[in-house]
Amino acid sequence: MPVTAMALPEGLDPELRLARLRDSLRRGARRVEQARPLTAEGRLVRMVGLTLEAEGVRMPVGGRCRVVSAGGAEVEAEVVGFSGERVFLMPVGDISGLTPNARVIPTQHAREARVGEALLGRVLDGAGRPLDGLPPPDCEASVSLNGRPLNPLARRPIHEPLDVGVRAINGLLTVGRGQRMGLFAGSGVGKSVLLGMMTRYTNADVTVVGLIGERGREVNEFVQNILGPEGMARAVVVAVPADHPPLMRLHGAMLATSIAEYFRDQGLNVLLLMDSLTRFAQAQREISLAIGEPPATKGYTPSVFARLPHLVERAGNSDRGEGTMTAFYTVLTEGDDQNDPIADAARAILDGHVVLSRRIAEAGRYPAIDIEASVSRLMNEIADPGQIQAARLFKQIYATYQQNRDLISVGAYQKGADPRVDAAIQYYPHLEQYLSQDMREAVDFKESLRALDALMNEEA
């Protein structure tokens with residue numbers, strides 16, 4: 001009721017009448033503040049593939065909407081672009097049942113993730129919903145899916161080696177706490193197995209696993225066989241298989257990174273494993289091509305190469321607390337092409353790469369690490385001089401054998417022609433033995449260095 005129409009008793013004292021009037025005004029102001037704002041709805045005017053086009057709605061890029069058809073079908077979608085008065089939406093779920101002129105209703109949902117210790121031991125989808133049949137985790141905090149910008153000068157330096165339980169990596173490609181490494185391999189070469197070994201054997205307080213765009217069968221195998229009950233107790237798994245919409249695959253990678261950032265900022269040592277960075281890039285390519293962005297390199301759009309560093313740079317050490325966040329990203333080199341656009345871009349933004357070779361895998365040596373093509377850019381900063389010298393000598397002997405492999409295999413090399421080749425032939429079996437490791441065998445950092453030192457001192 002308007003204030004001017006309120007009936008106040010005529011006989012009241014003027015001051016009391018004024019106090020009641022002020023109280024009524026305050027109650028009215030509170031009701032106005034609590035009233036739901038008017039929402040301008042739009043309508044769905046076009047749908048091509050997974051791209052929805054709406055008119056009459058004004059939403060920022062990244063905003064969320066509900067698309068509701070007359071038949072009751074409802075889909076959540078996110079704004080991914082616009083052109084003139086039209087807004088491009090990408091659905092988060094199944095689009096079955098949508099009809100022309102469906103209502104497009106903006107929502108207030110922010111791109112946030114609920115985080116907390118209740119996530120440990122859980123398996124989630126890209127939206128943070130449980131996949132393990134348990135109730136939603138009761139989390140006490142929220143963080144942005146996009147992370148927060150970090151001052152590069154404020155990041156804590158990397159100075160401590162990380163034990164990953166794999167002898168070849170510990171000894172020859174030493175990784176530091178807070179480093180970002182890539183696992184580069186073609187299909188079926190063993191990158192998921194190597195990732196599983198590091199998941200089980202790496203010394204970390206919390207492990208966050210992002211299974212992005214891979215086969216759905218691998219999710220249960222990873223949880224049951226690779227992590228197991230003991231590993232899951234300190235792990236969080238975010239699984240978005242290949243049959244999910246591309247936007248959900250993007251959100252899955254961002255959610256896994258946000259969860260890892262949260263635990264890192266709590267002062268914990270976090271291991272982030274993402275399988276794979278290539279599927280993340282392919283999801284972004286699908287979205288950008290669908291809204292009309294022109295391709296640049298082998299079908300990949302410019303926005304793909306802008307998204308990759310935005311995701312990867314969130315890993316590493318932070319500017320707050322003592323926590324660390326070490327990240328391993330698998331990169332699928334299509335056709336075993338190490339110059340694949342995504343592989344090339346990933347090499348430029350990561351702190352090193354471990355290359356798995358199909359030739360070595362077919363020869364029966366696992367993990368199939370190509371030690372010549374692999375590098376850890378921080379090894380010289382965190383390893384002691386003795387280990388660096390031994391690793392350099394190991395690679396020199398190994399490279400000498402590989403360079404003369406054809407001559408040796410056909411019997412064309414004559415013993416004594418080159419002392420370096422003679423030494424390489426003598427020690428090559430021992431080098432191969434050092435690089436070989438069963439997937440159920442864990443070799444700690446000290447044992448890896450002891451074996452390397454013993455092998456190289458024997459050679460010297």
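Trainee: How much space lies in the largest pocket?
Mentor: About 550 Å³ of space lies in it, in a predicted model where local features need pLDDT of at least 70, side-chain atom pairs count only at pLDDT 80 or more, and totals for chains, interfaces and linings use all residues. Residues are numbered from 1 along each chain as its sequence is written, and side-chain values use heavy atoms, leaving out hydrogens and water.
Trainee: Which residues are the closest to its centre?
Mentor: Of 24 lining residues, those are Glu112, Ala113, Arg114, Ala127 and Gly128. A pocket here, on a 1 Å grid over the protein atoms alone, is an open set of points where a 1.4 Å probe fits, with protein on both sides within 12 Å along at least five of seven lines, and lining residues have an atom within 4 Å of a point.
Trainee: And which element gives the most to that lining?
Mentor: α5 does, with four residues; β7 (112-115) and α5 (246-265) are the elements giving two or more, where helices (H or I, at least four residues) and strands (E, at least two) are DSSP runs.
Trainee: Which domains does the largest pocket draw on?
Mentor: Its lining takes at least three residues from each of domain 1 (42-106) and domain 2 (112-382), with bounds from an automatic or database assignment.
Trainee: Switching over, what lies nearest the centre of the second largest pocket?
Mentor: Ser192, Val193, Arg215, Glu218 and Asp275 do, among 20 lining residues, and the largest share of that lining, five residues, comes from α4.

Definitions and conventions. Grid points are joined across faces, edges and corners, and a volume is the space filled by probe spheres set on the points.
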